[in-house]
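These are my notebook entries on a structure that I am reading for the first time. I record what I looked up and what I found.

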Amino acid sequence: MAIRSVLKMGDPVLLQTAEPIERFDTAELHELIQDMQDTMAYLNGAGLAAPQIGLSLQLVIFGFDQNPRYPRAEEVPFTVLINPKLMPLSGDMEDDWEGCLSVPGMRGMVPRYSHLRYHGVDQYGKAIDRSVSGFHARVVQHECDHLQGILYPMRINDFRQFGFTDALFPGQGVVDD
Ligand code: NI
């Protein structure tokens, strides 16, 4: 078990385009994923992308049953997604609040595609191909943006809906660091 430190917005690694992973089911990859899982669990994250711990690789993890950072979000199955490709299934977008472990203590209102197909592989090189909507679709778009050097504040349309979690949601039980 190893908890890695998460880079914060301003670190240039978070602005890089991540490299594809070419070798699967290696001890190195399994160890990296375990560290990411430990780090995400420790920080109550809904997801984590490898660049957030300083590795510019096309690897994200996400998923939870219940998440204190997003108490109203429906559950998302735990997923390891490598070399992902995203395809919106319609032009429909929806707005909702997002946070990011690299932007601690803050939330912003971010438009995302409502319906989305994504594919890629898992840590064994096995294909993943899913069509999703709602919070699942939102989390995938957020995490995969990290692989293109995009942080959620870059997606905000109305900066009046961007601020500190405790000021935006006083006494509403939204946990943030
Ligand atoms: Ni993030």
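Entry 1: the surroundings of Val-140. I looked up which residues Val-140 touches, with contact taken as heavy atoms within 4.5 Å. Leaving aside neighbours within four places in sequence, I found Val-140 in contact with Phe-62, Leu-86, Leu-116 and Tyr-118. I note that the model is predicted: local features need pLDDT of at least 70 and side-chain atom pairs count only at pLDDT 80 or more, whereas totals for chains, interfaces and linings use all residues. Residues are numbered from 1 along each chain as its sequence is written, and side-chain values use heavy atoms, with hydrogens and water left out.

Entry 2: Buried here means under 20% relative accessible area, exposed means over 50%, and partly exposed lies in between, with a 1.4 Å probe and protein chains only. The largest core has 20 residues, and those touching the most other members are Val-60, Phe-62, Phe-64, Leu-81, Tyr-118, Phe-135 and Val-140. Two or more residues of this core come from each of β2 (59–64), β3, β6 (115–121), β7 (127–133) and α2. Helix α2 gives the largest share of this core, 5 residues. I took helices (H or I, at least four residues) and strands (E, at least two) as DSSP runs, numbered from the N terminus. A second, separate core holds 16 residues, among them Val-6, Leu-29, Leu-32 and Ile-61.

Entry 3: Val-139. I located Val-139 in helix α2. Val-139 has a relative accessible area of 5% and is therefore buried. Not counting residues up to four places away in sequence, Val-139 touches Ala-46 and Phe-62. I also looked up Arg-112, which is 27 residues from Val-139 along the chain; their C-alpha atoms are separated by 9.5 Å.

Entry 4: the nickel ion. Which protein atoms are the donors of the nickel ion? I found Cys-100 (SG), His-142 (NE2) and His-146 (NE2), lying 2.1 to 2.3 Å from the ion. Donors are N, O and S atoms within 2.8 Å of the metal (3.2 Å for Na, K and Ca); water is not among the atoms, so sites may look incomplete. The spacing of the donor residues in sequence is C-x41-H-x3-H. His-142 and His-146 are about one helical turn apart because they are separated by 4 residues in helix α2 (residues 134–146).

Entry 5: Grid points are joined across faces, edges and corners, and a volume is the space filled by probe spheres set on the points. There is 1 cavity of 30 Å³ or more. The largest cavity has a volume of about 140 Å³. Its lining has 16 residues, and Ala-46, Tyr-70, Gly-99, His-142 and Glu-143 are the closest to its centre. The most residues of this lining, 5, come from α2.

Entry 6: the largest pocket. I found about 330 Å³ of space in the largest pocket. Its lining has 17 residues, with Leu-86, Gln-141, Cys-144, Asp-145 and Arg-155 nearest its centre. β3 (76–88), β5 (106–113) and α2 each supply at least two residues of this lining. The largest share, 4 residues, comes from β3.

Entry 7: Ser-114. I placed Ser-114 in the loop between β5 and β6. Ser-114 is buried, with a relative accessible area of 5%. Leaving aside neighbours within four places in sequence, its contacts include Asp-92, Met-93, Val-132 and Ala-137.

How values were computed. 1 Å grid on protein atoms, 1.4 Å probe; cavity = no way out; pocket = protein on both sides within 12 Å on 5 of 7 lines; lining within 4 Å. Core = buried A, V, L, I, M, F, W, Y, C linked by side-chain atoms within 4.5 Å.
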